Amino acid sequence: MENYKEIERSIITTYRARLWSKFTKAIRDYELIEENDNICVCISGGKDSMVMAKLFQELKRHSKINFNVEYLVMNPGYNQENLNMIKHNLELLNVPAKIVESNIFEVANAQDKNPCYLCARMRRGTLYKIAKGMGCNKIALGHHYDDVIETTLMNMLNAGSFQTMLPKLHSDNFEGMELIRPLYLIREKDIVTWASSCNLKFIQCACAFTASLAKNNNDSVNSQRYQTKKLIANLISYNENVEKNIFKSASNVNLDKILGYKTHGKQISYLDDYKNFTKVKGENNNE
């Protein structure tokens, strides 16, 4: 049996519960794929997007829904070593991805402030543009469960805002395009275990700017996410259900017990309805 076939088999056997079942559950629960969708699976070269590509290949073989998949590697300016590793893994895993060149790293790293933020925005916009040009109506990104809870907590701690990373959303700038996150329910540790068991090695963050700061022990880039990871790990000793509760909180918001919220760009205050409030007998209002 060829190596890639053994890897494919592991996804629906050894890692069925941890990868395959959670992948298909997210697709069903959040209605990520519809009939006649043309989905662009965006591969960065890391472990998350590569396992997502393999999961989509399995889904295409077994799904009753009629949809099409394109595999895309948008090269933002990887060095040759990283690009060679990506090409090697695509061949090893039998993923027929199209590689499209760009100069995003060069442009973003020329900025004095927030190069990572600019890079992320440019990469997202470029992916939408390329995918639309390929005739796709959706792009799939490899954000997983851990990304979701980290983002939720980061927004609360650093932005004073309660918002999470959604499983799908419409593009603001590319009409008819959507972004979907099929790894939404998959834990990062399970992806790491799968990759390790298959003896696979993937690129890490391939930005020259980030690599330069890491070499000089500068924690200013992406330190918020790193520190949030550590915080969540520490909180587990306080409550073993912390991760589940952070994730659940985004679908369990009690609008009667918050000071305000924003919807469709409009700010709503709890005072707007306060004068019309009728106390329900027996209700616990935390007085």
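So, start with strand 1: Asn38, Cys40 and Cys42 point one way, Ile39 and Val41 point the other way, and all of them are buried. Buried here is under 20% relative accessible area with a 1.4 Å probe, protein chains only, and strands are DSSP E runs of at least two residues, helices H or I runs of at least four, numbered from the N terminus. With 5 of its 5 residues buried, strand 1, residues 38–42, is largely enclosed by the rest of the structure.

Quick housekeeping: this is a predicted model, where local features need pLDDT of at least 70, side-chain atom pairs count only at pLDDT 80 or more, and totals for chains, interfaces and linings use all residues. Numbering runs from 1 along each chain as its sequence is written, and side-chain values use heavy atoms, leaving out hydrogens and water.

Now, the neighbours. Strand 1 pairs with strand 2, residues 68–75, in the parallel sense over 5 bridges; pairing takes at least two DSSP bridges. Val41 sits opposite Tyr71 in strand 2. Strand 4, residues 138–140, also pairs parallel with strand 1, over 3 bridges, and there Cys40 has Ile139 as its bridge partner.

Zooming out, the open sheet has 6 strands in the order 3-2-1-4-6-5, with mixed pairing. Strand 3 (98–101) and strand 5 (168–170) stand at the edges with a single partner strand each, so one side of each has no neighbour in the sheet. Strand 5 runs antiparallel to strand 6, residues 178–180, joined by 3 bridges, and Leu169 has Leu179 as its bridge partner in strand 6.

Definitions and conventions:
Buried < 20%, exposed > 50% of the residue type's maximum accessible area, 1.4 Å probe, protein only.
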